[in-house]
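Biologist: Could you walk me through this model, one question at a time?

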Amino acid sequence: MKKLKIAIAGLGRIGKIHLKNLAGHSQVELAGVMDIDANSKIYAEELGIGFFTGNFDDLIGIPGLDAVAICSPTDTHAEFVTRAAMAGKQVFCEKPLDLSLKRVKEVLRTLEETKVKCMLGFNRRFDPEFRKIRELVSEGAVGDPQVIKITSRDPGPPPVSYIRSSGGIFLDMTIHDFDMARYISGKQVKEVFSRGATLVDAEIGKAGDLDTAITTLIFEDNTMAVIDNCRKAVYGYDQRLEVFGSKGMLMADNKFKDYYRLYGDSAVTGSLPMNFFMDRYAESYMIEINSFVKSVVDGTEMPVDGNDGLQSLVIGLAAKKSTFENRLVKISEIHL
């Protein structure tokens, strides 16, 4: 059976995860890597990849290339996806496609015109526990879902230099939670209300962003989701989800390095949650890229597509508008 010939653009933290996972895939031939950092060549060579370039056009010009995984910085995503689509290469792209709604719509038009499929890297959809919650909700285990609660807190904030170009907390962090709310509920958001503050680091506020926020999403049927975020949780990477419905409640808890409990005469103690997103979601990243390969090989629809990215971006922009204007914002306002 012919192997899927894939190249990777960008060998930062996420790129290395995908490269390592693809390297062990029986249906994949890793054709090449692109990165502007020459040191990445050493990493690629260690995995037996002989083709390395600093030019994206050279990468997608590899003879017989079927697909490309775009893991480069956010400001390159739209351009690289467009070039790959014009070259007829199937695309996996880390989120977001772009921070501009107009630019995202342009990229989606190009994908439609070229008939190229693009999968967006919302990896949390592929976490086994979250997928089980989605499955049980769709089977009616909690009856009619009424409230979804998502807790998403990082162990520490990213560098302020990153925050200045990331689009802010709603577009670089909460955007995953917006996607999860849509994924778990199977519903579209109609209204957004957000409040945020700078409670962790004053420098984040000086950069024009927030580090703590609570967002309420109102779906089309008036059911709701509540998301709380903070860029610093001293006890680790806090990722929890709850669905409350007419017949009961579903919960997905944090993952821990181990699950022991020590019962003493004054307290019960145990391990803290995992402290890094690449540890917490290691399994989901593997399932995610395997799903992309399967979709390309089988010719089926991508499990997360460009429209999913568009919808989450719209919600994120509505959350920003709501916070800074201190009012409820209708999703229809952002589409104008």
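Modeller: Let's begin with a definition: on a 1 Å grid over the protein atoms alone, a pocket is an open set of points with protein on both sides within 12 Å along at least five of seven lines, whereas a cavity is a set where a 1.4 Å probe fits but cannot get out; lining residues have an atom within 4 Å of a point. The model is predicted, so to speak of local features takes pLDDT of at least 70, and side-chain atom pairs count only at pLDDT 80 or more, while totals for chains, interfaces and linings use all residues. Residues are numbered from 1 along each chain as its sequence is written, and side-chain values use heavy atoms, with hydrogens and water left out.

Biologist: Which element gives the most to the lining of the second largest pocket?

Modeller: The lining is made up of Leu 108, Leu 111, Glu 112, Val 116, Lys 117, Cys 118, Glu 301, Met 302, Asp 305, Gly 306 and Asn 307. Helices here are DSSP runs (H or I, at least four residues), as are strands (E, at least two), numbered from the N terminus. Both α5 (101-114) and α13 (306-325) supply at least two of the lining residues. With three residues, the most comes from α5.

Biologist: How much space lies in the largest pocket?

Modeller: Its lining runs to 47 residues, and Arg 13, Ile 14, Lys 95, Tyr 162 and Phe 277 lie nearest its centre. Two or more residues each come from α1 (13-23), α4, α7 (160-166) and α8 (169-172), and α4 gives the most, with five. Grid points are joined across faces, edges and corners, and a volume is the space filled by probe spheres set on the points. For the largest pocket that comes to about 1,300 Å³.

Biologist: What volume has the largest cavity?

Modeller: The structure holds one cavity of 30 Å³ or more. Arg 124, Phe 130, Ile 150, Thr 151, Asp 177, Met 180, Gln 239 and Arg 240 line the largest cavity, with at least two residues each from β7, α9 and β11. That lining has three nonpolar, two polar and three charged residues. The volume is about 30 Å³.

Biologist: Which are the edge strands of the open sheet of seven strands?

Modeller: Two strands pair if DSSP finds at least two bridges between them. The order is β12-β11-β7-β10-β9-β8-β15, with mixed pairing. Those that pair on one side only are β12 (248-252) and β15 (329-330).

Biologist: What is the bridge partner of Phe 244 in β12?

Modeller: Strands β11 (residues 238-245) and β12 run antiparallel and are joined by five bridges, and a hairpin connects them through two residues. For Phe 244, the partner is Met 249.

Biologist: How far apart in sequence are the parts that the pair of Phe 56 and Phe 80 ties together?

Modeller: Rings of Phe, Tyr and Trp (its six-membered ring) pair if their centres lie within 6.5 Å; planes under 30 degrees apart count as stacked, over 60 as edge-to-face and the rest as tilted. Of the six aromatic pairs in the structure, the one of Phe 56 and Phe 80 is stacked, at 4.1 Å centre to centre and 0 degrees between the planes. Phe 56 lies in helix α3 (residues 56-60) and Phe 80 in helix α4 (residues 74-86), so the parts tied together are apart in sequence by 24 residues.

Terms used: Nonpolar A, V, L, I, M, F, W, Y, C, P; charged D, E, K, R; others polar.
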